[in-house]
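Please keep the sequence and the structure in view while reading.

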Amino acid sequence: SHNCSHPNSRVLFRQSFSVDEIPQSAILHIAADTKYYLYINGMLAVFDGGLFRESTKGNGWHDCVELARYLKKGENLLALMVWYFGNGGRNNSDSGRAGVIFECPTLDLHSGSCTGALPDPSAYETKAENPSYIYGGHNYSADGRLALPNWEKPDYAGAAFPPAQELGAYPCAPWNLCLKRPIPLFAFSAITELPFTQNENVCTITLPYATQTTPYLRIRASEGTVVDIRSDRYWVQGGPGDANRYP
């Protein structure tokens with residue numbers, strides 16, 4: 001854990017570990033409140049990991065991640081960005097604190113005071129308007145001028161990551177038990193360029209098939225420029241079956 005309970009917080013974690021022989025399989029068991037992105041040796045291994053804490057009352061979920069294909073002999077690096085929501089919405093039970101726990105018995109790898117933790121310096125709170133209150137989550141905002149370049153990579157040479165705070169042995173409060181997630185992790189591909197048409201200031205992108213997508217933009221702009229991205233259903237009260245639907 002990092003000593004953090006502020007809603008909409010992001011915390012970065014880093015931990016080095018050594019591998020003598022690359023195993024055929026190395027399963028990492030990991031649970032975070034609330035969402036996480038996992039990098040091994042600078043390569044993205046999990047995109048948008050974690051499920052809302054709704055397994056059983058007071059408990060959450062854990063993910064199982066295969067690490068073998070990301071490993072190399074010698075020194076390796078595990079890096080995490082954990083995004084703590086700190087609100088409920090319709091289906092998230094807030095624990096009240098940002099945190100992560102992980103273990104890979106095959107690699108003798110586990111979280112603890114040997115894990116470095118640092119609040120994401122690029123994170124900040126956006127001004128109103130905010131998403132509908134029934135959405136479990138917040139706006140994601142980042143100030144590129146304050147980001148830590150290459151923090152997830154082995155060659156990072158920036159600010160030091162002090163030891164994470166240990167709150168006890170599993171299963172400790174406030175996260176308690178973490179049951180195995182009942183659905184697969186998100187599958188994700190390499191960044192793919194898609195055809196689009198442009199009419200004045202409107203760009204229309206053609207998807208190859210019915211798919212969930214995450215936009216990736218490379219933008220050249222003057223320092224201090226704010227780019228605002230939101231869906232056309234950003235703030236709508238109500239839910240499925242109502243006249244309006246939430247994002």
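## The surroundings of Asn 59

Leaving aside residues up to four places away in sequence, Asn 59 touches Arg 53, Glu 54, Trp 175, Asn 176 and Leu 177; contact here means heavy atoms within 4.5 Å. This is a predicted model, in which local features need pLDDT of at least 70 and side-chain atom pairs count only at pLDDT 80 or more, while totals for chains, interfaces and linings use all residues. Residues are numbered from 1 along each chain as its sequence is written, and side-chain values use heavy atoms, with hydrogens and water left out.

Asn 59 is found in the loop between β4 and β5. Strands such as these are DSSP runs (E, at least two residues), as helices are (H or I, at least four residues), and they are numbered from the N terminus. With a relative accessibility of 12%, Asn 59 counts as buried. The term buried means under 20% relative accessible area, exposed means over 50%, and partly exposed lies in between (1.4 Å probe, protein chains only).

Two polar contacts of the Asn 59 side chain deserve attention. One joins it to the side chain of Thr 56 at 2.7 Å, and in the other it reaches the backbone nitrogen of Leu 177 at 3.1 Å. A polar contact is a pair of N or O atoms within 3.5 Å; within protein, one must be able to donate a hydrogen and the other to accept it, and residues adjacent in sequence count only if both atoms are side-chain atoms.

## Strand β5 and its partners

Strand β5 covers residues 60-66, and it is largely enclosed by the rest of the structure because five of its seven residues are buried. Which strand pairs with β5 in the antiparallel sense? Strand β2 (residues 27-33) does, over four bridges. Two strands are said to pair if DSSP finds at least two bridges between them. Within this arrangement, Ile 27 has Glu 66 of β5 as its bridge partner.

Strand β10 (residues 178-180) runs parallel to β5, and three bridges join the two. Here His 62 stands opposite Lys 180 in β10.

## Two cysteines without a disulfide

The structure holds zero disulfides, a disulfide being a pair of cysteine sulfur atoms within 2.5 Å. The sulfur of Cys 64 has its closest cysteine sulfur in Cys 104, 11 Å away, which is too far for a bond.

Are these two cysteines buried or partly exposed? Cys 64 is partly exposed, since its relative accessible area is 28%. Cys 104 is buried, with a relative accessible area of 0%.

## Backbone features

Two cis peptide bonds may be located in the model. One joins Asp 33 and Thr 34, with omega about 15 degrees; Thr 34 lies in the loop between β2 and β3 (35-40). Another joins Ala 173 and Pro 174, with omega about 5 degrees, and Pro 174 belongs to the loop between β9 (116-119) and β10.

Positive phi values are a further point to examine. Asp 48 is not a glycine, yet it has a positive phi of about 55 degrees; its place is in strand β4 (residues 43-49). Glu 200, also not a glycine, has a positive phi of about 55 degrees. Glu 200 lies in the loop between β11 (196-199) and β12 (202-205), and at 70% relative accessibility it counts as exposed.
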